[in-house]
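How is this chain put together, and where do its nonpolar and charged side chains sit? Please keep the sequence and the structure in view while reading.

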Amino acid sequence: MKAATEEIDPLYRKMLPLRITKGEIRKVEIIKAAVECLAEGGYEHFNYNTIGLKAGLLVPTSLTIFLISARFCTWLFMGSIVNSNS
């Protein structure tokens with residue numbers, strides 16, 4: 001059986017803690033779905049329902065999407081600081 005972490009894109013994998021839970025994997029799936037929805041449909045089709053359908057959720061809550069998006073943005077920002085100081 002293939003490990004669940006092997007199926008995660010390396011970009012998303014880097015933002016996860018060393019010990020990955022099902023919840024962490026689910027967060028990555030939601031982030032990936034949000035990015036794909038924005039890329040495919042633009043801002044007009046970027047909403048909770050399309051993200052939820054893409055991620056296989058019934059309806060993601062606004063708090064869930066906000067929290068994982070904030071974590072992703074923080075991770076990107078911190079990465080850019082580290083890379084600019086290297």
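The paragraphs below go from the overall layout to the core, the salt bridges and the surface.

This is a predicted model, in which local features need pLDDT of at least 70 and side-chain atom pairs count only at pLDDT 80 or more, while totals for chains, interfaces and linings use all residues. Residues are numbered from 1 along each chain as its sequence is written, and side-chain values use heavy atoms, with hydrogens and water left out.

The chain has four helices and zero strands. Read from the N terminus, the order of elements is α-α-α-α. Helices here are DSSP runs of H or I with at least four residues, strands are runs of E with at least two, and numbering starts at the N terminus. The chain has 86 residues, of which 22% count as buried. Buried means under 20% relative accessible area, exposed means over 50%, and partly exposed is in between, with a 1.4 Å probe and protein chains only. Among contacts (heavy atoms within 4.5 Å) between residues at least 6 apart in sequence, 39% join residues at least 24 apart.

Next comes the interior. In soluble globular proteins, nonpolar side chains tend to be buried together. The largest nonpolar core in this model has ten residues: Ile-30, Ile-31, Ala-33, Ala-34, Cys-37, Ile-51, Ala-55, Ile-65, Ile-68 and Phe-72. At least two residues of this core come from each of α2, α3 (48-55) and α4 (62-85). Helix α2 gives the largest share, five residues. A nonpolar core is a set of buried Ala, Val, Leu, Ile, Met, Phe, Trp, Tyr and Cys residues joined through side-chain atoms within 4.5 Å.

Charged side chains are the next topic. Side chains of opposite charge can pair when their charged atoms come close. The structure holds three salt bridges, each defined by a side-chain nitrogen of Lys or Arg within 4 Å of a carboxyl oxygen of Asp or Glu. One of them joins Arg-26 and Glu-29, at 2.5 Å from N to O. These two residues are three apart in helix α2, so about one helical turn separates Arg-26 from Glu-29. Arg-26 is partly exposed, with a relative accessible area of 26%, and Glu-29 is partly exposed at 36%.

Which residues are linked in a network of salt bridges? Glu-36, Glu-40 and Lys-54 are. The side chains of Lys-54 and Glu-36 meet at 3.9 Å, N to O. Lys-54 is in helix α3 and Glu-36 in helix α2, so this pair ties together parts that are 18 residues apart in sequence. For Lys-54 and Glu-40, the N to O distance of the salt bridge is 3.0 Å. Glu-40 also lies in helix α2, with Lys-54 in helix α3, so the pair ties together parts 14 residues apart in sequence. Lys-54 is partly exposed, with a relative accessible area of 36%. Glu-36 counts as partly exposed at 28% relative accessibility, whereas Glu-40 counts as exposed at 58%.

The last stop is the surface. Where is Leu-38 placed? Leu-38 is in helix α2, which covers residues 22-41. With a relative accessible area of 41%, Leu-38 is partly exposed. Leaving out residues up to four places away in sequence, Leu-38 touches Tyr-43 and Phe-46. Leu-38, Tyr-43 and Phe-46 make a nonpolar surface patch of about 330 Å². Patches are made of residues with over 30% relative accessible area and no salt bridge; like charges are joined within 9 Å, and nonpolar side chains (Val, Leu, Ile, Met, Phe, Trp, Tyr) within 5 Å.

Leu-38 and Ile-51 are 13 residues apart along the chain, and their C-alpha atoms are separated by 9.0 Å. Val-35 also lies in helix α2 and counts as partly exposed at 38% relative accessibility. The C-alpha atoms of Val-35 and Ser-69 are separated by 10.0 Å, with the two residues 34 apart along the chain.

Key. Areas by Shrake-Rupley, 256 points an atom, 1.4 Å probe, with all protein chains shown as cover.
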